[in-house]
Amino acid sequence: MFEDLRDLYQEVIFDHNRNPRNFRVMDNADRKVDGFNPLCGDRLTLFLKMSGDIIEDASFQGSGCAISTASVSLMTEIIKGKTEAEAEQLFEIFHKMTTGKDEEIQLEAVGKLAVLAGVREYPARVKCATLAWHTLDAALKNQQQPVSTE
Ligand code: ZN
């Protein structure tokens, strides 16, 4: 049963890596921040279109490993339509989940992001999964300088 679940999770990660969602340059973006994970070499540029404090649209460009690509692809899907506060809260829950600080996975809150919970068993990969979110955090705080996980 647990093995089946693991296979399903891996399948979702492979799918988002092969066919990343929202993989495009956004010409009319309100926020644009670069993120870099030197440990693995993952690079991405995150674009946000804001409407008041609501994230109206999100997209990204870049190249990285399967975990980082799946993570940013899933993130751009889930944050659309969320307020800044909701997105920040999701980042906090996601961070606790991937670093193992929260044993219980809050499925209702994280939804499909739960597929990335497995990285907690591989400390070197945690930054691959959280790079997108650190970049989002900077974008929401309207920081312009590139984000590095180191
Ligand atoms: Zn990586």
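**Rings, a zinc ion and a hairpin**

F91 is buried, and so is W133. Buried means under 20% relative accessible area, exposed over 50%, and partly exposed in between (1.4 Å probe, protein chains only). This is a predicted model: local features need pLDDT of at least 70, side-chain atom pairs count only at pLDDT 80 or more, and totals for chains, interfaces and linings use all residues. Residues are numbered from 1 along each chain as its sequence is written, and side-chain values use heavy atoms, with hydrogens and water left out.

Start with the aromatic rings. A search of the whole structure finds three aromatic pairs. Rings of Phe, Tyr and Trp (its six-membered ring) pair if their centres lie within 6.5 Å; planes under 30 degrees apart count as stacked, over 60 as edge-to-face and the rest as tilted. One of the pairs is F23 with F60: the ring centres are 5.2 Å apart and the planes stand at 75°, so this pair is edge-to-face. F23 lies in the loop between α1 (2-18) and β1 (31-37), while F60 is in strand β3, so the pair ties together parts that are 37 residues apart in sequence. Helices (H or I, at least four residues) and strands (E, at least two) are DSSP runs, numbered from the N terminus. F23 has 41% relative accessibility, so it counts as partly exposed. F60 has 2%, so it counts as buried.

Now return to F91 and W133. Their ring centres are 6.4 Å apart and their planes are at 5°, so the pair is stacked. F91 sits in helix α3 (residues 84-99) and W133 in helix α5, 42 residues apart. Together with F94, they form one aromatic cluster.

Next comes the zinc ion. Its protein donors are C40 (SG), D42 (OD), D42 (OD), C65 (SG) and C128 (SG), lying 2.2 to 2.6 Å from it. Donors are N, O and S atoms within 2.8 Å of the metal (3.2 Å for Na, K and Ca); water is not among the atoms, so sites may look incomplete. Along the chain, the donors follow the spacing C-x1-D-x22-C-x62-C. C65 is in the loop between β3 (54-63) and α2 (66-79), and C128 is in helix α5 (residues 126-140), 63 residues apart. Both C65 and C128 are buried.

Last, look at the strands. Strand β2 (residues 42-51) and β3 pair in the antiparallel sense over nine bridges. Two strands pair if DSSP finds at least two bridges between them. S51 stands opposite I54 in β3. The hairpin of β2 and β3 has two residues between the strands, and G52 takes a positive phi near 65° there.
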